[in-house]
Amino acid sequence: CVEAGAALAALQRAQQRCGFRLLHVCPVKVSGWEVPSPAVTLPLTLSKLHHALSTILGVIPDFSGESSCPRSALLPFPEALHSARVLVVDDVAMNRRVLVLKLQQMGITETVEAGNGVEALQKVEEAPFVFSAILMDVMMPILDGLEATRRIRADTRYSTVPIVGISGDCAPRSLQLCVEAGMTVAMCKPIDTPALRAFLCQHLEQ
């Protein structure tokens, strides 16, 4: 326990210098020194770790299996994201699910899904509110994202609502077509989560 106490003291000194967060993992009772806070006790379980990280970081950690967690994902959720209503448009259900999960990790919990451009227009028309933002796949059957965006922009309520074009074709001309159709920005698949979060924070807080 002497070695453990010395190591802990060294970590605490480093914490004061560098400002990182320290989570202690230790037995229920350690002879010679009190268990510091915040701490989780052995045996370590996923629920204990989840609760501890939620407390320290102020966010809900993602245990979905992704290999890395960008620094931006650890920042507190801006109020603009908490209150946002986002329309997610993609003809592939799995793609919509991935986007919805990304939004939830950012603090956006109110989402509506559409499977193509026609459904997107219906959701826009039927919603009793104006969506805060729209994530629009470009290539879809029935009505693609470009034409759907043009028609949505014709609605004066949506003249300035941010529309994020999501394209599997990252050629500069393809991305430019998205902007010309009225999309605020075009992003390539797979979506860069920090970039999407930064975009939504910037535009939803205006």
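Modeller: Let us begin with the terms: a residue is called buried under 20% relative accessible area, exposed over 50%, and partly exposed in between. What you see is a predicted model, and Arg157, at 38% relative accessibility, therefore counts as partly exposed.

Colleague: With which residue does Arg157 meet in a salt bridge?

Modeller: As a general idea, side chains of opposite charge can pair when their charged atoms come close. Here the side chains of Arg157 and Asp155 meet at 2.8 Å, N to O, and Asp155 is also partly exposed, because its relative accessibility is 23%.

Colleague: Is Asp137 buried or exposed, and what is its salt-bridge partner?

Modeller: Asp137 counts as buried because its relative accessibility is 2%. Its salt bridge is with Lys189, the closest N and O atoms being 3.2 Å apart; the two are 52 residues apart, with Asp137 in strand β5 and Lys189 in the loop between β7 and α8. Lys189, at 35% relative accessibility, is partly exposed.

Colleague: Which residue of β6 stands opposite Asp137, and in what sense do β5 and β6 pair?

Modeller: Asp137 stands opposite Ile166 in β6, and strands β5 and β6 are paired in the parallel sense over 4 bridges. Between them the chain crosses through helix α6, residues 145-153, in a β-α-β crossover that is right-handed.

Colleague: Which strand is joined to β6 by 4 bridges and runs parallel to it?

Modeller: That strand is β7, residues 185-188, where Ala186 is the bridge partner of Gly165. Together with helix α7, strands β6 and β7 make a right-handed β-α-β unit.

Colleague: How many residues of β6 are buried, and what lies on each of its faces?

Modeller: In β6, 5 of its 5 residues are buried. Ile163, Gly165 and Ser167 are on one side, Val164 and Ile166 on the other, and both faces are covered.

Terms used. Residues numbered from 1 in each chain as written. Predicted model: local features only at pLDDT ≥ 70, side-chain atom pairs only at ≥ 80, totals over all residues. Heavy atoms only, no water. Buried < 20%, exposed > 50% of the residue type's maximum accessible area, 1.4 Å probe, protein only. Pairing = 2+ DSSP bridges. Right-handed = clockwise from strand over helix to strand, strands pointing away. Salt bridge = Lys/Arg side-chain N within 4 Å of Asp/Glu carboxyl O.
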